[in-house]
Amino acid sequence: MEPHADPPANDAATAAGVAADGLVAALRQEAIRLGFSRLGVARAEPPSRQDAVRRWLDQGFAGVMESWFERQMPLRDDPATLLPGVRSVIMLATDHATKPGGQDAGACEAGRGRVARYAWGDDYHELLRGRVNRLAAWLEARAPGCRTRGVVDSAPLAEREFAWRAGLGWFGKNTMLIDPRSGSFFLLTALLTDLELPADAPVEVDHCGTCTACLDACPTSAFVEPRVLDASRCISALTIEEHGPLAADLRPGLADWVFGCDVCQEVCPWNRHAPGSTDPAFQPRDEGATPSLAALLELDDEAFRRRFAGSPVLRAKRRGLLRSAAIALGNRPHAPSFDALAAALADEEPVVRGAAAWALGRWRQLADGVGERAHAALAARLAAETDADVRAEIERALA
């Protein structure tokens, strides 16, 4: 919700006589009614962790997101850039896991890929934006003259720090915010207001203790140290934000992930008893959790947009998703998917052709004639390929 008109001269922060504690209690109740899971309040002070974020950027750990972070950093320094006069940041958590947190819900059979849980259903941006705008309207009605602005993962706000300040969790060693009662499978939404509301206390205790399950389980060794993530090696960043070729040494670590990754959360002991969600919006769409890799490789632009309309998966773009699907088939060969993978050698996108070549190169060791077919498909494509990078992939695959 965009900022409203300038506040009246009598200072809307007094909330027209509404008792702040009672207002927050009613606000919390309304948030739950609208579908949020938890609510906390933080003071709208500049985030204290910006120096750490700057060091993280300077070390090159943002990967493909570096330019985005560089543009956002000056704005993230002060929430008043989003709402002048802001005094409180209301942070909202929404549980999204539709299976018990401790289950390896993404495990799938050969020929299928895995999708991060939050992307199984509808796009959370639209869902939560509608909810926070309704909550903002409710607050403005209860405190006439106040101003608000809702933020759903789309504005320069340090959401995780404000959520920590608001008592919604502590920073786990996997960099995720973890709630001791609800684990980490939740999404954050912020509601900024110029009301002075009583703030909650942050979770000061590090409940991770000596556990390193998340660090040990990362398939691409993306954690430089506890709470420091090298996004240039993170499967989520690679499959969602990076739409070009992936470094060859990282491809095996992707296993069968095609959009996002939940490994560091699935192994976290605090997710064993996470409450999960029955919200229809987060329920898997048709094959939403484990789509057929061959079917993905057969999607043209129109079919891709149609199939994933209203889904977070659109963010990967067609070329990124099909590239990841080809890599997944290289990691877990599935003979019935051969024709789709071989056809991808002629895809319009060079990045897809290159990934298909890499995958078929790994198939050359298979028995029952599959290896010979992979070799023949690669050799035939090499004769027609004009892109230098793709030709290099094919030549390596044939070597």
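Searching the whole structure turns up 28 salt bridges, where a salt bridge is a side-chain nitrogen of Lys or Arg within 4 Å of a carboxyl oxygen of Asp or Glu. Before going further, a word on ground rules: this is a predicted model, so local features need pLDDT of at least 70 and side-chain atom pairs count only at pLDDT 80 or more, while totals for chains, interfaces and linings use all residues. Residues are numbered from 1 along each chain as its sequence is written, and side-chain values use heavy atoms, with hydrogens and water left out.

Start with Arg38 and Asp179, a salt bridge whose closest N and O atoms are 3.3 Å apart. This pair ties together distant parts of the chain, 141 residues apart: Arg38 sits in strand E1 (residues 38–43), and Asp179 in the loop between strand E6 (177–178) and strand E7 (186–193). Helices (H or I, at least four residues) and strands (E, at least two) are DSSP runs numbered from the N terminus. Arg38 is buried at 12% relative accessible area, and Asp179 is buried too, at 0%; buried means under 20%, exposed over 50%, and partly exposed in between, using a 1.4 Å probe and protein chains only. Arg38 and Asp179 also belong to a network of salt bridges that takes in Asp95 and Arg181.

Next up, Asp256 and Arg332 meet in a salt bridge at 2.7 Å, N to O. Here again distant parts of the chain are linked, 76 residues apart, with Asp256 in the loop between helix H7 (235–240) and strand E10 (257–259) and Arg332 in the loop between helix H11 (317–331) and helix H12 (338–343). Asp256 is buried, at 4% relative accessibility, whereas Arg332 is partly exposed at 30%.

For a local pair, look at helix H15 (residues 388–398), where Arg391 and Glu395 lie four residues apart, about one turn of the helix. Their closest N and O atoms are 4.0 Å apart. Arg391 is partly exposed at 28%, as is Glu395 at 42%.

Now for the nonpolar side. The largest nonpolar core has 84 residues, and Leu139, Leu297, Leu321 and Leu341 have the most contacts inside it. Such a core is a set of buried Ala, Val, Leu, Ile, Met, Phe, Trp, Tyr and Cys residues joined through side-chain atoms within 4.5 Å. Helix H13 (residues 350–363) supplies the largest share of this core, nine residues. A second, separate core of 23 residues includes Ala42, Met91, Ala155 and Ala163.
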